[in-house]
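The following account is an explanation of a protein model, intended to be read alongside the coordinates. Please examine the sequence and the fold before continuing.

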Amino acid sequence: MTPQDAIAKAALGEITLVDVREAKELAASGTAAGALHIPLALIGLQAAEKIPKTLPVVLFCAVGGRAGMAAQALNGMGYEAHNIGGFGDWAQAGGPVTR
């Protein structure tokens, strides 16, 4: 899934968007509008209570590495998870941002 695909699907409520960066990173740059914030270190602990399995999960971090690890973990837990790379990819593609 590309950032453009994710933007379109997020606008229609067809995905769950998750930012796996640390809180200080969000404070410095903002995040994608409507994204849940679950740091990578907590994804396994908080996924069941915060992320519904009814929609595909789209993840991003700063560059894409942590989002890839989170996607792999979530896929192993039965989610349909996709890594769209970094927050900059989302913003550059025109995705709405909250600060």
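How many aromatic pairs does the structure hold? The structure, which is a predicted model, holds one aromatic pair. The charged end of Arg21 sits over the ring of Phe87, at 4.6 Å from the ring centre. In the case of Tyr79, the charged end of Lys53 sits over the ring, 5.2 Å from its centre.

Helix H4 spans residues 65-76, twelve in number, and its first and last C-alpha atoms are 17 Å apart, close to the 16 Å expected at 1.5 Å a residue. Its buried residues are Ala67, Ala70, Ala71 and Leu74. These residues lie on the same side of H4, because they cover an arc of only 105 degrees around the axis. An α-helix has 3.6 residues a turn, so residues three or four places apart point the same way. On the other side of H4, Gln72 and Gly76 are exposed. The partners against which the buried residues of H4 pack are helix H3 (43-50), strand S4 (57-61) and strand S5 (81-86). Just after H4, Gly78 adopts a positive phi of about 95 degrees.

Ala70 illustrates the inward side of this helix. Ala70 belongs to H4, and with a relative accessible area of 0% it counts as buried, because the cut-off for that class is under 20%. Leaving aside residues up to four places away in sequence, Ala70 touches Val20, Leu40, Ile43 and Leu59. Arg99 stands 29 residues from Ala70 along the chain, and their C-alpha atoms are separated by 23 Å.

Which residues of H3 are buried? They are Ile43, Gln46 and Ala47. Seen down the axis of H3, these residues fall within an arc of 125 degrees, so they line one face of the helix. The face turned away from this buried side carries the exposed residues Leu45, Ala48 and Glu49. The cover over the buried residues of H3 includes strand S1 (16-19), S4 and H4.

These contacts lead to the nonpolar interior. In soluble globular proteins, nonpolar side chains tend to be buried together. Here the largest nonpolar core has 16 residues, and those with the most contacts inside it are Val18, Val20, Ile43, Ile51, Val57, Leu59 and Leu74. H3, S4 and H4 each supply at least two residues of this core, and H4 gives the most to it, with four residues. Apart from this core lies another, of eleven residues, among them Ala35, Phe60, Ile84 and Phe87. Val18, one of the residues with the most contacts inside the largest core, touches Leu36, Ile38, Ile43, Ile51, Val57, Val58, Leu59 and Phe60, when residues up to four places away in sequence are not counted.

A last point concerns helix H5. Gly88 is found in H5, which comprises residues 87-92. Is Gly88 buried or partly exposed? Gly88 counts as partly exposed, because its relative accessibility is 40%. Gly88 and Gly64 are 24 residues apart in sequence, and their C-alpha atoms are 9.9 Å apart in space.

Notes: Residues numbered from 1 in each chain as written. Predicted model: local features only at pLDDT ≥ 70, side-chain atom pairs only at ≥ 80, totals over all residues. Heavy atoms only, no water. Expected span 1.5 Å × (residues − 1). Buried < 20%, exposed > 50% of the residue type's maximum accessible area, 1.4 Å probe, protein only. Arc of directions from axis to C-beta. Contact = heavy atoms within 4.5 Å. Core = buried A, V, L, I, M, F, W, Y, C linked by side-chain atoms within 4.5 Å. Phe/Tyr/Trp six-rings, centres within 6.5 Å; stacked < 30°, edge-to-face > 60°. Lys NZ or Arg CZ within 6 Å of the ring centre and 35° of its normal.
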